[in-house]
Amino acid sequence: MTRPPKAGVEPRPEIATELRDAFISTWGGEPLIFRAPGRVNLIGEHTDYNDGFVLPIALQYSTWVAIARRDDRRVRFRSQTVQKTAEFDLDEVDPLPRHDWTDYVRGLAWVLEAAGNHLVGADMLIDSEIPIGSGLSSSAAIEMATGYGMLTLAGAAIDLDALATAGQRTENVFIGVRSGIMDEYASCHGVAGHAILLDCRDLATRLVPVGTDTRFVVANSMVRHAHTASEYNTRRDECETGVVTLASVLPGIRALRDVSLAELEASETLLDPVIFRRCRHVVTENARALRAADVLEAGDQAGFGALMVQSHESLRDDYEVSCAELDLLVETALGIDGALGARMTGGGFGGCAISLVRQDAVERFSAILAEKYEHSTGIAPTMIVAEAGPGVGPGPDGLGFDR
Ligand code: ADP
Ligand code: MG
């Protein structure tokens with residue numbers, strides 16, 4: 001029996017109005033509204049912290065914030081998503097992480113102040129269309145939306161690269177994940193209809209139109225294994241260890257981005273076998289991300305799909321950040337008519353898989369993938385057809401944003 005898939009995640013166009021009304025009843029006064037999108041990475045995984053290349057799109061799903069100025073230096077904020085309220089003082093000296101959702105807002109405010117911004121007190125109400133903790137970067141979205149709002153209230157000229165960097169610093173220092181710049185960058189610089197080829201070393205970008213006769217279907221495995229953050233940091237350490245060893249024969253390299261596959265293979269005996277495989281993933285994934293941008297631009301969808309499959313195999317076998325559920329989603333997807341490629345996306349150990357699917361097959365593909373995954377695991381995945389949308393900015397006109 002074929003059952004229809006569990007309802008996918010829908011964008012909620014009414015979210016801005018709901019948020020404004022809820023703000024008025026929670027804090028009082030007329031707020032400004034801002035939004036920042038989640039992202040999905042098409043290819044180029046675990047390359048950002050190796051100074052390498054990534055190819056994300058900003059999603060059509062955002063985290064929204066309604067925000068109004070206060071006359072003191074207090075920041076009160078509530079998330080409708082988690083139904084919790086918190087507050088802090090901007091003059092708090094060296095705030096410590098609390099290891100909960102408030103770190104994303106407090107941490108960011110602190111990082112922005114430390115970078116020389118003079119923020120002002122604020123009341124904020126936050127809500128999100130992005131599934132939380134599933135690898136679509138709800139964390140960057142809450143940072144970028146609240147950061148953009150706080151900087152706007154402070155009357156600051158907003159430098160999006162500096163805002164993205166402040167978000168990355170928040171994750172590194174407050175959350176304790178040594179993540180790269182991709183998530184925040186994509187949330188800031190998304191462009192409708194385009195993927196962003198980002199050079200994480202110097203933030204140079206190239207916009208690449210996504211195809212019109214195919215779609216990217218994102219399936220959420222609905223699992224997240226407990227060791228995700230520590231494994232992430234371990235991978236980063238392993239890459240750094242690789243660079244230190246390789247630098248003894250390749251003087252001048254600063255990151256795995258500077259190493260070719262031929263150079264890496266010539267040095268294989270110097271490296272611990274595990275470190276060698278970690279490095280091989282990063283080096284080959286960088287090459288794949290660059291190649292993928294070219295084939296996407298050329299309209300070679302089959303070529304793009306093949307690179308996605310190679311990326312998944314490399315993440316599974318060399319980098320060892322996949323898991324049974326992601327492997328199952330990818331393997332199942334590749335067996336369904338209309339799929340041109342599939343891979344895990346995001347940090348790994350759960351979260352989402354992304355498939356490139358012929359447009360005319362999307363509906364059937366999604367139903368079959370959801371059904372088969374649920375049949376094997378007992379878990380109904382949520383499915384998203386990703387649309388490349390715009391980056392952070394003010395919410396819709398007429399909702400308090402007065403430009
Ligand atoms: P991802 O970024 O892939 O969604 P993360 O683990 O990096 O996963 O971030 C998820 C965390 O971010 C949540 O556990 C929560 O602490 C915080 N967060 C994200 N969005 C919200 C929100 N709308 N309200 C409150 N907390 C949020
Ligand atoms: Mg995150």
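In this predicted model, helix H2 passes helix H3 in a right-handed crossing. Helix H2 comprises residues 103–114 and helix H3 residues 138–153. Two packed helices are described by the angle between their axes and the distance between the axes. Here the axes come within 9 Å and cross at roughly 50 degrees. H2 and H3 are therefore oblique to each other. On the side of H2, the contact is formed by Tyr104, Val105, Leu108, Ala109 and Leu112. H3 contributes Ser139, Ile142, Glu143, Thr146, Gly147, Met150 and Leu151. Sorted by class, the residues of this contact are eight nonpolar, three polar and one charged.

The report now turns to the ligand. Ligand 1 is surrounded by 17 residues. The closest are Ser79, Gly133, Gly135, Ser138 and Arg224.

Backbone angles complete the description. Most residues other than glycine have a negative phi. Aspartate 51, by contrast, has a positive phi near 60 degrees. Aspartate 51 is located in the loop between strand S1 (32–41) and strand S2 (53–54). Histidine 99, which is not a glycine either, has a positive phi of about 60 degrees. The loop that holds histidine 99 runs between strand S5 (84–89) and H2.

Notes:
Residues numbered from 1 in each chain as written. Chains lettered and ligands numbered in written order. Predicted model: local features only at pLDDT ≥ 70, side-chain atom pairs only at ≥ 80, totals over all residues. Heavy atoms only, no water. Axes fitted to C-alpha atoms, helices over the stretch in contact; angles between N-to-C directions. Helix = DSSP H or I, 4+ residues; strand = E, 2+ residues; numbered from the N terminus. Parallel < 35°, antiparallel > 145°, perpendicular 65-115°, else oblique. Left-handed = near helix turned anticlockwise from the far one by under 90°. Contact = heavy atoms within 4.5 Å. Nonpolar A, V, L, I, M, F, W, Y, C, P; charged D, E, K, R; others polar. Near = heavy atom within 4 Å.
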